[in-house]
Amino acid sequence: MALLITKGFKDALRIGTQSRPKLFALNIQRPDVLYEEVVEIDERVTIEGYQQNPAPDKESLEAALETDPYLKKGVSGEVIRVLEPLDEAKTRQSLQKLYNEGFRSIAVCLVHSYTFQEHELAIERIANEIGFTQISLSSQLLPMIKMTSRGASATADAYLTPVIQRYIQGFRSGFQDNLQSSDTRCEFMQSDGGLVNFQKYYLLST
């Protein structure tokens, strides 16, 4: 499984939050990351006006949206400035290289994608065209501030979903009707303790 992340943040998930259960321990044992490869994506967006003014003039920003093509409104209502548009050609080359090396599962985590999802969705489109079978977008799985948390969810999903799919396929193959009968009830327990129909979960995973 490979991770695609905004250029300059290659080690962000490996660094993590730096929280330690034993604050004064000298021999720090950090869990390893789930991905085998990291690809830095040429793109960058930022929250407009926030660094200069934590409470920017909303009316001015709304007016600027109509005249500045690099300003976009995020799903959270925040105004985003596209500092560097996604380089789709270079991204396609990087994804094709991963595919040729045997990767079929990727996690995508870009800066501020919790509100500006366009670049992650464009990467998903390109990856689908190339043939990747598992594409986990942080903006769709956990659309929240904090790139580290979003990235952890995306990498876990990209790592585990193919394994779960294979398990369900093997489980189904052990039944005569492949669990296709409408009166057959089969549910799996999720990590939160809830139950989900295996067919629904399988369709969501694929």
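Leucine 3 stands opposite alanine 107 of strand β6 in this predicted model. The two residues belong to a parallel pairing of strand β1 (residues 2–6) with β6, which extends over four bridges; strands are taken to pair if DSSP finds at least two bridges between them. Helices (H or I, at least four residues) and strands (E, at least two) are DSSP runs, numbered from the N terminus. Strand β6 also pairs in the parallel sense with strand β7 (residues 134–137), again over four bridges. Within β7, serine 136 is the bridge partner of alanine 107.

Strand β6 (residues 105–109) is mostly covered, with five of its five residues buried; buried denotes under 20% relative accessible area, exposed over 50%, and partly exposed the range in between (1.4 Å probe, protein chains only). In a regular strand the side chains alternate between the two faces of the sheet. In β6, Ser105, Ala107 and Cys109 point one way, whereas Ile106 and Val108 point the other way, and all are buried. Cysteine 109 counts as buried because its relative accessibility is 0%. Cysteine 186, at 11% relative accessibility, is likewise classed as buried. A search of the whole structure for disulfides, defined as pairs of cysteine sulfur atoms within 2.5 Å, finds zero.

Residues are numbered from 1 along each chain as its sequence is written. Because the model is predicted, local features need pLDDT of at least 70 and side-chain atom pairs count only at pLDDT 80 or more, while totals for chains, interfaces and linings use all residues, and side-chain values use heavy atoms, with hydrogens and water left out.

For the protein as a whole, the secondary structure comes to seven helices and nine strands. Of its 206 residues, 36% count as buried. The C-alpha atoms fill a box of roughly 65 × 50 × 35 Å, taken along the principal axes.

An open sheet of three strands has the order β3-β5-β4 and antiparallel pairing. Its edge strands, each pairing on one side only, are β3 (44–47) and β4 (71–73). Neighbouring strands of this sheet are turned by 35 degrees against each other on average, direction ignored; the axes are lines fitted to C-alpha atoms, for helices over the stretch in contact, and angles run from 0 to 180 degrees between N-to-C directions. The antiparallel pairing of β4 with strand β5 (residues 79–84) spans three bridges. Lysine 73 has valine 79 of β5 as its bridge partner.

The second largest pocket has a volume of about 580 Å³. A pocket is an open set of points on a 1 Å grid over the protein atoms alone, where a 1.4 Å probe fits, with protein on both sides within 12 Å along at least five of seven lines; lining residues have an atom within 4 Å of a point. Grid points are joined across faces, edges and corners, and the volume is the space filled by probe spheres set on the points. This pocket is lined by 24 residues, of which Arg14, Ile15, Gly16, Arg30 and Pro31 lie nearest its centre. The elements contributing two or more residues to the lining are α1 (12–15) and α6 (147–173), and α6 provides the largest share, four residues. The lining divides into 10 nonpolar, nine polar and five charged residues.

Proline 143 is placed in the loop between α5 (138–141) and α6. This proline counts as partly exposed because its relative accessibility is 47%.

Technical notes. Nonpolar A, V, L, I, M, F, W, Y, C, P; charged D, E, K, R; others polar.
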